[in-house]
Amino acid sequence: MNRFFAFVKKEFLHILRDRRTLLILFGLPFLQVLLFGFALTNEIKNANIGLLDNDHGAHSQQITNRLLSSGYFQLRANLQSYRDIDAAFRQNKIKLAVVIPANFTNDYAHGWSAQIQLVSDATEQNSAISLTSYATAIIGAYAAEQQATTASQAATPMRIDVSTRMVFNPELKGAFVFVPGVMAMVLLLVSAMMTSVTIAREKETGTMDVLLVSPLNQGQILFGKIVPYLLLSFLNGCLIIALGVFLLHIPLHGSLILLLAETLLFIFMALSIGLLISSLTDSQLVAMFASLVVMLMPTIFLSGFIFPIESMPRPLQFIANIIPAKYFIDIVKGVMIKGVGLSILWPQTLVLAGMAIVFIGLSLRNLKTRIG
Amino acid sequence: MDAIVTTKLTKRFGDFVATDAVTFTVGEGEIFGFLGANGAGKTTAIRMLCGLLKPSSGEATVAGFNVYKQTEKIKQNIGYMSQRFSLYEDLTVRENIRFYGGIYGLSLTNIRQKTDVIVAKLGLEAVADSLVVSLPLGWKQKLAFSVALLHDPKIVFLDEPTGGVDPITRRQFWEMIYEAAHRGTTIFVTTHYMDEAEYCHRVSIMVDGQIKALDTPAGLKKSYNTTSMDGVFQILARGTSTK
C-alpha cells in the first residue's frame with residue numbers, strides 16, 4: 001500500500017509542478033462558466049425600447065406599463081411616427097419598437113381584432129428573437145388576464161394580435177443549458193485528456209519501462225494514475241456546480257448527493273476513455289489529438305450542448321446517442337433543474353456505467369496484449 | 001548459485017524470431033557484456049529477463065526465479081536502467097530517490113539515509129533540491145544508476161547506460177559499475193562502445209537473434225586473432241553478412 005501512495009504522491013508532484021496546466025485546469029471552468037453564463041446569454045435585462053403609441057387609450061397605457069415594469073425593457077424614446085423607428089434603430093438607440101395603432105383600445109374593448117406590432121433590430125438576431133418573444137409573452141399574459149375578468153360580460157372574447165417579424169423561439173437557451181454542457185466538457189477534458197497524456201508521457205520518456213520493471217503491478221500503476229485526476233476532476237466538478245448555483249442562480253431542486261455521485265460516475269467514465277486512448281498510443285501528441293477529436297469536438301457539437309439534438313439530421317442524431325456527455329447533460333439538467341431522482345434518470349446512469357465498464361475492459365485487454 | 005541462467009530462450013513476433021534459442025549463464029557478481037548491433041535482439045532478451053515480455057519458448061531463471069511464473073519475485077530483485085532516461089525531470093533529485101525508494105517498499109528512514117549517501121557520493125549537495133531537468137546528462141545518468149541500485153538488487157540490467165555521455169563521465173560510470181560488482185551485484189550491460197566491452201568480465205555477441213560468441217574479452221580476441229573487441233565485432237558481423 002505504501003508503494004501505491006508513493007506513486008500517487010509522485011503523480012500529484014507532477015501535477016503541482018506543472019503550473020500552467022494547473023492554471024488551465026481550474027481557470028478553464030471559471031472562464032467557461034462566466035463566458036457562457038453572462039457574456040453569451042440571451043437573457044434580457046433593461047433593453048432599450050421605443051414606443052409609438054397612436055392610440056393613447058386605457059389598454060395601450062396598461063400594456064406599456066406592463067412592459068416597462070417587467071424589468072426586461074426600459075423606455076428610451078417616445079416615437080412620433082414610423083419614420084422615427086427607422087432613425088432610432090439606425091442610431092442604435094433602441095433594440096425594439098412597440099407600435100400600437102390608433103383605435104387599439106376601442107378595437108380591443110369591442111372584441112375586434114386589436115393589433116400591436118413589434119419591430120426589432122435583426123442585426124442581433126438572437127437578442128431580437130428573445131426581445132420579441134418576451135414582449136409577446138407579456139402582452140399575451142395581459143390579454144389572458146383581461147379575458148378572464150371580462151369573459152362573463154363580453155359575448156365575444158377579446159383578442160390581441162401581436163405581429164412580429166420574428167418567429168417565436170421556444171428553446172430560449174441560457175445558463176441552464178450551458179452549465180451542464182460546460183461541466184461535461186471540462187470534466188471530459190481534464191479526466192480523459194490529462195490521463196491519456198500523462199501515461200503517454202511515461203511511455204515516451206521511457207519511465208514506463210522502469211515502472212513496469214518495478215514491483216508495482218499494472219493495477220497499481222493504472223489506479224495510481226487515475227486517483228489524482230479523479231480527485232482533481234471531482235474538485236473541478238464541485239467548483240462548476242458551485243459557480244452555477246451561486247453565481248448564475250441555477251436551481252438545485254434535486255439531491256446534491258445524487259448529483260455528486262453522478263458526477264463521479266461521469267468522471268470515472270471519462271478516465272476510462274483516457275486509459276483506453278493511452279493504451280492505444282505511445283505518443284503524447286497522438287493522445288492529445290485523439291482526446292480532442294474523439295471527445296471534445298463531438299461533445300461540443302453533438303451532445304446538445306450548443307445545437308439541439310432534435311434539430312440535427314438523422315445520422316447525426318444517431319451518433320449523438322453514443323456521446324457520453326449527452327447522458328450526463330440529461331442527468332445534470334434532470335437533477336438540478338427538474339429535481340428528478342434515480343427513478344427517472346436510471347437509464348442515463350446505466351448507459352454511463354456501461355460505457356465505463358466497456359472502456360476499462362478494453363484498455364485492460366489492450367495493456368495485457370502489449371505485455372504478452 | 002548463478003544469477004541468470006537461460007536455456008534456448010526464444011521470442012517470436014509472428015514470423016520474426018527476435019531472440020533465437022539463446023543459452024548462457026551469468027555468475028553472481030559478474031559484469032556480463034551483452035553486445036550486438038541494433039536489432040540483433042538485445043533489448044528483447046533483456047525485456048524477457050526483466051519480466052516485461054513473456055518468452056515464446058525456452059527456459060530462464062533470474063536470481064533463481066522462473067521468468068514465466070515468478071516475475072513479481074524477479075522484479076523485487078532486479079534493478080533496471082535504460083538508454084532512455086529513467087528519472088523524472090520535473091521532480092527534484094531528492095524526490096526521485098524518494099519515489100523509487102517508495103515503490104520498492106523501502107522505509108522512510110532507509111530512504112533518507114540512502115539519499116544522503118547518494119547525494120554525498122555524487123557531489124550533488126548543491127542541486128539536491130533542484131529539478132533533475134537542470135542537471136547535465138552525465139550527472140543524470142550517474143544518478144539514474146544509483147537509483148537503480150537503491151533497493152540493493154541482486155542483478156542490475158543496464159541497457160546502453162552510457163549512450164551520448166562524454167568519455168570522462170563514461171569512465172566514472174564504469175568505476176561505479178565496478179564498485180557495485182565488487183559488492184556482489186551482478187551487472188548485465190549492453191553497449192555500443194567496444195572499448196567498454198573490454199571492461200566486462202565476459203562478453204556475449206549477438207547476431208540476428210543468436211549468440212555467436214561468448215568468452216572473456218581476452219579469450220575472444222585470441223580466438224578471432226585480433227587485437228581489439230572492435231575487431232572481434234567486425235569479424236562476426238561481416239561473417240553473417242556474407243552468408
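Student: Which residue stands opposite B:Thr190 in β8(B)?
Tutor: B:Asp159 does. It's a predicted model, by the way: local features need pLDDT of at least 70, side-chain atom pairs count only at pLDDT 80 or more, and totals for chains, interfaces and linings use all residues. Residues are numbered from 1 along each chain as its sequence is written, while chains are lettered from A and ligands numbered from 1 in the order in which they are written.

Student: And what counts as a strand, or as a pair of them?
Tutor: Helices (H or I, at least four residues) and strands (E, at least two) are DSSP runs, numbered from the N terminus. Two strands pair if DSSP finds at least two bridges between them.

Student: OK, which sense does β7(B) take with β8(B), parallel or antiparallel?
Tutor: Parallel: β7 (residues 155-159) of chain B pairs with β8(B) over 5 bridges. Between the two, the chain goes through helix α6 (residues 167-182) of chain B, and that β-α-β crossover is right-handed. Right-handed here is when, with the strands pointing away from the viewer, the path from the first strand over the helix to the second runs clockwise.

Student: What about β3 of chain B and β8(B)?
Tutor: Strand β3 (residues 31-36) of chain B also pairs with β8(B) in the parallel sense, over 4 bridges. B:Ile31 has B:Ile187 as its bridge partner there.

Student: How many residues of β8 of chain B are buried?
Tutor: 5 of its 5, running over residues 186-190. Buried needs 20 or more other C-beta atoms within 10 Å of the residue's own, exposed is 12 or fewer, and partly exposed is in between, with C-beta atoms placed from the backbone. B:Thr186, B:Phe188 and B:Thr190 point one way, B:Ile187 and B:Val189 the other.

Student: Switching topic: what's the strand order in the open sheet of chain B?
Tutor: β2-β1-β4-β5, with antiparallel pairing. β2 (16-26) and β5 (65-66) stand at the edges with a single partner strand each, so one side of each has no neighbour in the sheet. β4 (residues 57-62) of chain B meets β5(B) over 2 bridges, and B:Thr61 stands opposite B:Asn66.

Student: Where does α1(B) lie?
Tutor: Across β1 (4-13), β2 and β4 of chain B, at about 60° to β2(B). Axes are lines fitted to C-alpha atoms, for helices over the stretch in contact, and angles run from 0 to 180 degrees between N-to-C directions. Helix α1 (residues 42-49) of chain B is largely enclosed by the rest of the structure, because 8 of its 8 residues are buried. Just after α1(B), B:Gly51 has a positive phi of about 85°.

Student: How many residues does each chain give to the contact?
Tutor: 21 from chain B and 21 from chain A. On the side of chain B, α3(B) gives the most, with 4 residues. Contact between two residues needs C-beta atoms, placed from the backbone, within 7 Å.

Student: Now chain A. Is A:Val335 buried or exposed?
Tutor: Buried, with 27 other C-beta atoms within 10 Å. A:Val335 sits in helix α13 (residues 324-338) of chain A.

Student: What does A:Val335 touch?
Tutor: Leaving out residues up to four places away in sequence, its contacts include A:Gly254, A:Leu258 and A:Glu262. A:Leu258 is 77 residues from A:Val335 in sequence, yet they are 7.7 Å apart in space, C-alpha to C-alpha.
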